[in-house]
Amino acid sequence: MVSFDDLRDLLTATGARLRDAVPLAELTTLRVGGPATVAECASTDALVATVRELDAAGIPVLLIAGGSNLLIADDGFDGVVVRIATEGVEIVGDPDRGEVAECSVIAEAGANWDAVVAATVEAGYGGLECLSGIPGSAGATPVQNVGAYGVEVASLLRRVRLLDRATGEIRWVEPAELGFGYRTSILKHSAAAVVLAVEFALRADGSSAPLGYRELANALGAAEGESRPAALVREAVLRLRAGKGMVLDAADHDTWSAGSFFTNPVIPDADVAAVRAAIASHVGPDVAVPTFPAENGVKFSAGWLIERAGFAKGFPGEGSPARLSTKHTLALTNRGAATATDLVTLARRVRDGVAERFGIRLEPEPVTVGVSL
């Protein structure tokens with residue numbers, strides 16, 4: 001590995017702030033991860049220059065912004081962590097003039113995502129409110145096609161500004177080029193490009209996106225498909241998320257998580273009957289199984305499967321450093337002193353338990369660094 005002094009010389013002209021032996025637990029919402037050298041980039045120019053220099057020198061790079069979807073090894077990262085600290089947010093369009101076609105928000109990759117949503121709602125625009133309270137950065141949202149309460153980033157995204165690490169080219173990319181799927185895109189698990197900025201379409205009249213999630217619609221006294229003022233929807237979403245421990249709170253260990261740790265499994269149409277039969281054999285034929293339509297199959301609730309496999313909220317109980325949230329079984333949480341090893345052990349136990357009981361293998365949603373499930 002290149003020495004810290006050599007790295008400092010290499011990156012002097014980039015504008016990055018270099019720090020050595022930084023505990024990566026400080027940069028992730030799971031609050032685990034060992035030490036690494038960190039180059040903090042507060043401008044897009046610094047970010048581009050830093051990545052280019054490190055790539056040219058053949059030095060491994062780990063990009064971190066909000067750190068909300070990362071599980072990093074206790075040994076840390078043997079390379080340079082590039083901390084994306086760009087925060088610019090620009091709203092384009094004026095709802096008073098009805099410029100619907102031009103209504104959008106452009107956010108730099110490091111901008112706090114919930115702050116971006118809040119800024120659009122406070123300015124009188126709608127569209128992003130169902131994605132309120134999601135931790136992390138704006139630049140991460142298209143990477144994993146973030147979604148909540150019936151809305152996905154892919155349905156709102158106008159374009160993404162990318163740095164191509166192979167060619168050095170910077171360009172705006174249309175959503176059709178990003179291969180979006182359920183909680184994924186071609187950007188996920190790939191080091192080919194760096195997200196520099198994102199642009200999202202907004203609703204000029206301040207109304208929400210059509211309500212497509214029953215729990216949220218019920219909380220608002222609305223029917224599915226109806227809209228409500230974006231500000232009211234944002235308030236309802238934040239209440240619902242907080243009730244599940246899904247809004248960051250340093251005093252609440254249920255929020256020391258990576259959000260939903262497992263994705264909801266999508267079962268191909270041809271296998272749905274067999275899966276339903278396997279579930280019925282364990283929970284009974286008269287138990288309603290929550291499912292949702294999905295492309296090329298049926299989506300089953302990972303949280304429901306986890307509970308029915310015998311893993312209750314708070315599993316494995318008091319005193320364990322890593323536990324399922326006491327509010328939401330889909331979140332693996334750090335109770336204050338957990339290591340990455342503790343979390344991996346718990347994740348494997350839950351994943352294998354669901355597979356043994358129902359024949360369904362749950363897939364992790366967070367990106368893992370230096371660990372494997």
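This is a predicted model: local features need pLDDT of at least 70, side-chain atom pairs count only at pLDDT 80 or more; totals for chains, interfaces and linings use all residues.
Visitor: Which element gives the most to the lining of the second largest pocket?
Guide: The second largest pocket has a volume of about 720 Å³. Strand S3 (61–64), strand S12 (193–201) and strand S18 (367–369) each give two or more residues to its lining. The top contributor, with 4 residues, is S3.

Visitor: Which residues lie nearest the centre of the second largest pocket?
Guide: The lining of this pocket counts 31 residues. Those nearest the centre are Leu62, Leu63, Leu70, Val143 and Val367.

Visitor: How many residues apart in sequence are the parts that the pair of tyrosine 149 and tyrosine 213 ties together?
Guide: Tyrosine 149 sits in the loop between strand S8 (147–148) and strand S9 (151–152). Tyrosine 213 sits in the loop between S12 and helix H4 (214–219). The pair therefore links parts whose separation in residues is 64.

Visitor: Is tyrosine 149 buried or exposed?
Guide: Buried means under 20% relative accessible area. Tyrosine 213, at 30%, counts as partly exposed. Tyrosine 149 has 8%, so it counts as buried.

Visitor: Which residue lies over the face of tryptophan 172?
Guide: Two arginines deserve a look here. Arginine 31 lies over the face of tryptophan 256, 4.0 Å from the ring centre. Over tryptophan 172, at 4.0 Å from the ring centre, lies arginine 159.

Visitor: What is the phi of histidine 189?
Guide: Most residues other than glycine have a negative phi. Histidine 189 lies in the loop between strand S11 (170–173) and S12. With a relative accessible area of 64%, histidine 189 is exposed. Its phi is positive, at about 60°.

Visitor: Is asparagine 296 buried or exposed?
Guide: Asparagine 296 is placed in the loop between strand S14 (291–294) and strand S15 (297–300). Its phi is positive, near 65°. Exposed means over 50% relative accessible area. Asparagine 296 has 62%, so it counts as exposed.

Visitor: How far from cysteine 130 is the nearest cysteine sulfur?
Guide: A search of the whole structure gives 0 disulfides. A disulfide needs sulfur atoms within 2.5 Å. For cysteine 130, the nearest cysteine sulfur belongs to cysteine 103, at a distance of 18 Å.

Visitor: Is cysteine 41 buried or exposed?
Guide: The cut-off for buried is under 20% relative accessible area. Cysteine 130, at 1%, is buried. Cysteine 41 has 0%, so it counts as buried.

Terms used:
Residues are numbered from 1 along each chain as its sequence is written. Side-chain values use heavy atoms; hydrogens and water are left out. On a 1 Å grid over the protein atoms alone, a cavity is a set of points where a 1.4 Å probe fits but cannot get out, and a pocket is an open set with protein on both sides within 12 Å along at least five of seven lines; lining residues have an atom within 4 Å of a point. Grid points are joined across faces, edges and corners, and a volume is the space filled by probe spheres set on the points. Buried means under 20% relative accessible area, exposed over 50%, partly exposed in between (1.4 Å probe, protein chains only). A charge sits over a ring if NZ of Lys or CZ of Arg is within 6 Å of the ring centre and within 35 degrees of the ring normal.
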